[in-house]
Amino acid sequence: MKIYTVQRQDKFDYDFSVSLVNLGCYSDKAKAIARANKEYGCMQGEYEDEMLKYSDKDIYDPNEYDSGALYVETDDEDGYYIITFGADEHYESHGVWVDEWELEE
C-alpha cells in the first residue's frame, strides 16, 4: 500500500535556520497533491512582497545564477512547489512537496 506525505521546508540563510513541517499523510495521492497546492498558495501569500521585489529583471537577472532573482518551480502533477530568492545572507528557499512511500505490512 502506498501513502503520501506532504511536507514544507523554509530555509533562511541570514540566520542559518531551516524548518521542516509535516502537513499530513494521505492514502489518496490526489488529496495529498491538493493539500500541497493549498499550502503553496499560502506560501505565495506569505512571500508576496519578496516575490515581487526579486522578480524585477532590471535589478535581478534571472539568467545569472547568483543574482538573487526569483526562481519558481511548480509541478502540479506530482505536488512539488519551490520558491527561492535573494543571494548570500539574503537567500531564502521555500518548498512544499509530496513524497510517496510504500507502507510495509
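The model is predicted, so local features need pLDDT of at least 70 and side-chain atom pairs count only at pLDDT 80 or more, while totals for chains, interfaces and linings use all residues. Residues are numbered from 1 along each chain as its sequence is written, and side-chain values use heavy atoms, with hydrogens and water left out.

Me: How many disulfides does the structure hold?
Reply: A disulfide is a pair of cysteine sulfur atoms within 2.5 Å. The sulfur of Cys42 lies 20 Å from the closest cysteine sulfur, that of Cys25, which is too far for a bond. The number of disulfides is therefore zero.

Me: Is Cys42 buried, partly exposed or exposed?
Reply: Buried means under 20% relative accessible area, exposed over 50%, and partly exposed in between (1.4 Å probe, protein chains only). Cys42 has a relative accessibility of 38%, so the class is partly exposed.

Me: How many residues apart are Tyr40 and Tyr81, which form an aromatic pair?
Reply: Rings of Phe, Tyr and Trp (its six-membered ring) pair if their centres lie within 6.5 Å; planes under 30 degrees apart count as stacked, over 60 as edge-to-face and the rest as tilted. Tyr40 and Tyr81 are stacked, at 4.7 Å centre to centre and 15° between the planes.

Me: What class of pair do the rings of Tyr54 and Phe85 form?
Reply: The ring centres of Tyr54 and Phe85 are 5.3 Å apart. Their planes meet at 20°, so the pair is stacked.
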